[in-house]
Amino acid sequence: MSFKEKIKGIGGSASYEAKARALREQLEAKIPAGLKLPSAILEDPPLDITHIPEICGLLTVQELAITELDATAVCQKIAAGELTAVEVVTAFGKRAAIAHQLTACLTDFFLNEGIKQAQQLDEYFQKEGKVIGPLHGLPISIKSHYPLKGTVGCGGFLANTETSTEDCDMISILRSLGAVFYVKTNQPQSLMHLESKSSCGRVLNPHNTNLTAGGSSGGEAALIAMKGSCIGLGTDIGGSIRCPSAHCGIYGIRPSSRTTPIRELLWYQHGQDGVFASSGPMCRSGRDMRLFLEAVLGANPSLRDPDVLPIPLKVPDLTQKKLRVGIMMHDGVVMPHPPTIRALNLVKAKLEASSEVEVVDYIPYDHDRGYSLIRELYYEDGGATVRRILEESGEEMHPLTEWVISPPHVKNHDAAQIWKLRDRRDDYRREYSDHWWSQNVDVVVCPPFQGTASRHDTAKYWAYTAIWNLLDYPGAIFPTGLVADPAVDIYRELPIPMSAADEYNISLYDAAIFEGAPVSLQTVSRRFNDGLVLAAQDVIERIVHS
């Protein structure tokens, strides 16, 4: 498949195609001619495109150095007067423009507006001699369905794409803390894929463009992996922060729901609350996750949004306590591919050799039942709203959209059936809570997916992330430093499937196809233990990389 075909977006009727083409052309026109890559690069780029921004000649030495920084270092250097906000947003904006041409990661580009915002912050700093807030001058990339005044946003379909007239609560808070905005990022049709293909294009994984960047925050993950952003804003209702973070080898946390603002987002099932979505950061380091959450929660978002619970972030001191870590090798339904098993074995061995932690085998509790529940909860109308939007707009239904809204998991419910479904959900949550306590663990380390990044259009099993959405347990992603290696990550003998889903997953594996894909893992704890997740992950990652 040619690169042009690979990156192509979703098609549709003639009227749909005309609108989609106009949006793409509008975006392309916003990227300065001086940042356009040569056609020779775009016609046949290598599978691993992560190095292209460094060698293409479009960025200065200083810009390359700035875009190597994580968000925490950016904030520190701006606060110390070593960098200006204008220098920082310019560097990341230019690199974002390059990244988009290679990955289709953006839906809007407004660097000039970001520079104007940065100039105001620089003027404040020069006059007052201090920063305006903890995120002063920090460029933050924004997932498309967050309304940001004056920018294009999308609620999962071309039909609900708009130019927003106001900031949503999360954007208002970030703006008040000093953040600068310059791009918005791509996401999939329906916002309910672990893949990101829309009318704007298909987001490609920078480490191997034959693989997906994940979804639904796939544009964010690809952009951050290409270093066109050091921190971005995602959402997660089934894995949409954690899956793409894992696939692209970056960091990301899904906080406990209703601790961070989520109101006013562009969406198509307002009032559907069988499962709560969560908003959180995707970034380049573990410390960036803490920077973001401390800043946002420190702004008391519950004073703006009555749905937000006033729960502060409490990060425990684990030097006073021996951490008890459960290792979940698989969920009892689908066995992860060999690269992930290799990473789990490495992490387990490293932790067992450390005096700082106690390691136990974590036994999952009926994850197949939990996954079936959340699949049913996602579309209590049987997918009727999605089908109506697509039929009315002429947008083609993506195969993963068809899959996610189809029986046997998805069906239409009347009010009494919805009550019964919520009751089954609550019973499962209570049973799982009792099971967790019986395992006597502080955190669990487990796969974030049944392998590394998947081939395009094949991600049909979400349970490694979605189960924690059902339980509302916070989870964070960290890269292990390993990548898929066809020389070692092979089946010595074909495994016996544990389920139909496992049989499908086994059929997808060809070691050569996944070469170079980052291998990441997930740290999970009980609801509202977000601070423990951050602290534990710091300990685990330090031991693993020692």
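Reader: Hi! Which strands does α18 lie across?
Author: Helix α18 lies across β8 (231-236), β9 (251-254), β13 (443-446) and β15 (518-524). Its angle to β15 is about 20°. Helices (H or I, at least four residues) and strands (E, at least two) are DSSP runs, numbered from the N terminus. Angles run from 0 to 180 degrees between N-to-C directions, with axes as lines fitted to C-alpha atoms, for helices over the stretch in contact.

Reader: Thanks! What kind of model is this?
Author: This is a predicted model, where local features need pLDDT of at least 70 and side-chain atom pairs count only at pLDDT 80 or more, while totals for chains, interfaces and linings use all residues. Residues are numbered from 1 along each chain as its sequence is written, and side-chain values use heavy atoms, leaving out hydrogens and water.

Reader: Back to α18, how does α14 cross it?
Author: The axes of α14 (residues 367-378) and α18 (residues 463-471) come within 9 Å and cross at roughly 75°. The two helices are therefore roughly perpendicular to each other, a label for angles of 65 to 115 degrees (under 35 is roughly parallel, over 145 roughly antiparallel, the rest oblique).

Reader: Which residues meet there?
Author: In α14, H367, G370, Y371, L373, I374, L377 and Y378 meet A463, A466, I467, W468, N469 and L470 of α18. Contact means heavy atoms within 4.5 Å.

Reader: Nice. Now the sheet: what is the strand order?
Author: The open sheet has 11 strands, in the order β1-β5-β2-β8-β10-β9-β14-β15-β13-β11-β12, with mixed pairing. Two strands pair if DSSP finds at least two bridges between them.

Reader: And which strands stand at the edges?
Author: Those are β1 (106-109) and β12 (357-361), each with a single partner strand, so one side of each has no neighbour in the sheet.

Reader: How about β8, buried or exposed?
Author: In β8, 6 of the 6 residues are buried, so the strand is largely enclosed by the rest of the structure. Buried means under 20% relative accessible area, exposed over 50%, and partly exposed in between (1.4 Å probe, protein chains only). I231, L233 and T235 point one way, and G232, G234 and D236 the other.

Reader: What does β8 pair with?
Author: β2 and β8 pair in the parallel sense over 2 bridges, with I142 opposite L233. With β10 (residues 278-283), β8 pairs in the antiparallel sense over 6 bridges, and T235 stands opposite S279.
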